[in-house]
Amino acid sequence: MKVEMRYNPFTLETVMTYKGSNLMNKSKLSRYQGRMLQAWVQELFPLLEDELNDNRFELSFTGTIVDFSDLQEMREGYPDVKLVHIPVKEDEDRIEQLNHLVDSLKDAPTEKLRDKELNNLFKKEIDGEFEIAVIATMSSGKSTLINALVGRELLPSKNQACTAKITKIKNVPDKSGFDAVAYDKSMKVIKRTKDVDVNILSEFNDDERISYVVIEGRIPAIRNQRMNIALVDTPGPNNAMDDRHKLRTMEIIKSEKSLKPLILYVFNGTQLGIEDDHKLLHSISEHMSKNGKDAKDRFIFALNKADEFDPEKGESIEAAIKDIERDLEKFDITNPNIFPISAEIAKLIRKRSAGYELTRRERSTYSSLRELYLEEPDMRLNNHASLHPVLKAKISNEIESVQDEDGKVLHYSGITSLEEAINEYLEKYAVPSKVHSAVKVIRDNVVQQGAEVELKSRIVTNQEKRQEIVKAIEHIEEEISKKDKIEELVKEIQNFRDEIDARASFEPINRKIFTRFSELTKQINGGQGKVRKNEAESLVEKAIQDVEMLQLDAVTDIENKIDSIIMGQIDKSIQAYQDHIRNIISFEHNHFDLDVWQNAFAIPRLEAGKIIEKNTFVENEVVGYSEEKNNNRRFFEFWKPKKVSVPRYGDVEYVDMKEVSEAFIFPIEENIETLFDQAIEFTYEQLLRFEAYFKDEAERYDELTRLRLNEFKEHAQKAEYLAGEAERLKNGIEWVRHFLIYLDNIIALNMKEEIKS
């Protein structure tokens with residue numbers, strides 16, 4: 001039994017042939033047509049087994065190696081399935097080819113195709129920024145890792161330095177140095193500095209006016225230098241001093257964008273299982289559980305400070321990886337992408353290679369770590385990386401071929417394996433997504449304009465059809481002038497706003513939040529009644545951190561739900577309008593932006609001291625013992641001790657944890673309830689805004705449609721005078737045909753030889 005599968009990540013088209021029939025058209029697999037493979041690959045083998053009524057078959061896959069590797073991973077558990085890979089050429093620079101093709105629009109047959117606006121739309125899609133967010137808790141070596149990736153000492157690495165700012169490093173391939181712009185909370189420019197270094201950025205961090213820093217320079221780790229990539233140094237929610245920064249971190253983790261940021265989560269290899277990590281991992285797990293393999297792939301876990309393990313003491317990298325895997329399994333994160341690294345030695349080697357002078361301490365660190373990686377086989381971190389075997393073999397071959405020992409140690413440090421994983425993600429997700437979106441923009445416009453050119457050509461060359469075309473245009477004009485469709489759709493939006501139960505839509509989030517509040521109440525109270533004050537302070541301080549995380553979680557979930565409710569109705573209304581005037585004019589909704597939900601930042605700060613002091617009481621009790629003369633011992637009672645322990649009494653401060661629990665939780669519950677009420681009100685306001693926007697935009701597009709129809713009508717009525725246009729229009733049709741063929745060739749998959757596995 002043989003199934004032939006072909007998947008093109010640039011068109012999102014899947015063809016799956018069995019006995020001459022495409023299963024993607026009629027079976028349960030049809031629901032996944034037009035979707036990215038990684039969003040449904042985990043369902044592939046169960047569905048094929050069900051469709052074929054057999055678990056023994058051969059699947060011949062034509063596609064890229066990164067997509068085939070996902071099939072190999074999903075085949076586990078299906079030992080009787082034989083996979084055959086028919087590889088395709090993967091060295092083609094499609095982005096460069098598309099840029100070249102779009103440049104040829106200056107010779108297009110219509111003014112609209114030659115207009116810079118279309119080129120701008122293309123650039124917006126192909127050059128849109130893709131973020132690699134680096135997230136970590138305190139002391140994980142996050143800044144050192146970023147410095148290793150950029151190949152120089154750029155970001156300050158002291159613990160407190162990275163807590164207050166969000167720093168974005170934008171990849172600019174042609175720059176030799178790094179320039180920076182610092183902004184305040186309202187994104188007003190505070191400073192502009194060229195050729196920044198670690199000292200200047202330390203000053204930025206110490207400047208309380210500065211909230212955001214944007215740095216531009218070359219990131220050598222990025223293989224595809226034509227991509228607009230940005231490294232984002234994002235503070236962990238418990239480390240940030242600005243609530244908006246905390247919220248930004250949660251938004252990145254729980255992003256609902258079609259092209260989500262890649263997240264590089266940095267663990268401190270010497271401090272696994274800390275509480276701050278657990279809080280972040282809870283949110284990561286929740287996001288991963290709701291999505292497919294693409295959600296798993298976007299989280300890369302870097303086990304940093306691997307150089308602090310001592311193999312001579314029996315400390316093992318493999319054991320540390322197992323510890324992380326067990327820790328992640330507690331959050332239902334299975335088969336994680338773990339990369340042990342030594343950012344420190346990688347940074348030092350790259351600094352030396354770039355000609356930077358090392359300090360005395362750096363030279364000492366460099367020498368000792370270099371010796372460690374050269375002499376200890378277990379410290380070959382590249383062997384422990386969660387890389388595809390093909391990519392692991394590639395790095396092993398590079399190690400064999402490199403001549404200098406620094407080059408070998410760089411690979412042993414794990415940094416090149418991590419960079420390979422980053423580049424693999426870009427090639428698997430970012431490049432295809434950008435190409436797909438950019439091609440759609442160009443194709444839609446070229447096809448539409450090609451249809452206009454062809455219509456004009458028919459008008460000129462076919463006299464018999466002219467009057468028929470004029471009548472058809474007049475009929476369309478009459479239909480548009482009625483405005484029935486606009487009124488009907490506006491009424492639908494009104495009905496949706498009146499009928500939607502926004503509170504019910506938010507109920508699952510509400511339920512989740514208050515379930516966790518209940519757990520938090522038990523955590524604070526724990527059936528302990530009274531506890532000593534110092535213990536109470538510790539319990540409440542931890543609870544405050546948990547609450548802040550919980551509130552950030554709630555805000556992000558609510559924002560995503562608002563987007564889902566409103567954008568769902570927007571898509572539905574606009575699709576209906578597009579269907580109404582299809583092939584006449586396009587109607588895009590991406591100009592409608594939701595207002596900023598300002599209440600998202602209204603997270604009240606809790607003060608542990610006030611809560612504890614209010615519920616503190618004093619009890620006089622035994623606080624210790626002292627040795628004193630035994631006054632009950634007579635001179636002949638030699639068997640009695642000369643000294644006895646006498647209890648010492650003193651005042652001890654206790655805290656009633658039941659009262660603290662109530663005082664702590666009640667105002668938070670009130671705040672969360674208010675947050676949900678505000679979200680509901682905001683949702684209705686935005687639907688009202690969209691109703692007005694839709695009506696205005698639809699009427700504006702109707703007017704534009706009438707103008708275009710009138711242009712066609714005039715063309716038809718003056719056709720006898722435009723006979724000389726026939727050749728030009730014919731050439732225009734041919735130009736469009738060749739353009740679309742070239743466009744299809746760019747995104748086509750060209751096959752290589754067959755490989756079996």
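An α-helix has 3.6 residues a turn, so residues three or four places apart point the same way. When I say helix, I mean a DSSP run of H or I with at least four residues; a strand is a run of E with at least two, and both are numbered from the N terminus.

What you see is a predicted model, in which local features need pLDDT of at least 70 and side-chain atom pairs count only at pLDDT 80 or more, while totals for chains, interfaces and linings use all residues. Residues are numbered from 1 along each chain as its sequence is written, and side-chain values use heavy atoms, with hydrogens and water left out.

Back to the pair. The side chains of K347 and E344 form a salt bridge, at 3.7 Å from N to O. The rule for a salt bridge is a side-chain nitrogen of Lys or Arg within 4 Å of a carboxyl oxygen of Asp or Glu. K347 is buried, at 4% relative accessible area, whereas E344 is partly exposed at 24%. Buried stands for under 20% relative accessible area, exposed for over 50%, and partly exposed for the range in between, with a 1.4 Å probe and protein chains only.

How many of the 11 residues of helix 13 are buried? Eight are, so helix 13 is mostly covered. Among them are A343, I345, L348 and R350. The cover includes helix 7 (142-150), strand 13 (299-304), helix 14 (360-375), helix 16 (405-412) and helix 17. After helix 13 comes G355, which has a positive phi, near 90°.

K394 pairs with E420, and their closest N and O atoms are 3.3 Å apart. This pair links distant parts of the chain, with K394 in helix 15 (residues 389-401) and E420 in helix 17 (residues 415-461), 26 residues apart. K394 is partly exposed at 32%, and E420 is buried at 7%.

Now the whole chain. Its secondary structure comes to 24 helices and 18 strands. Of its 757 residues, 51% are buried. Take contacts, meaning heavy atoms within 4.5 Å. Of those between residues at least 6 apart in sequence, 79% join residues at least 24 apart.

Last, one stretch of helix. Where is D206 found? D206 lies in helix 8 (residues 198-206). With 54% relative accessibility, D206 is exposed.
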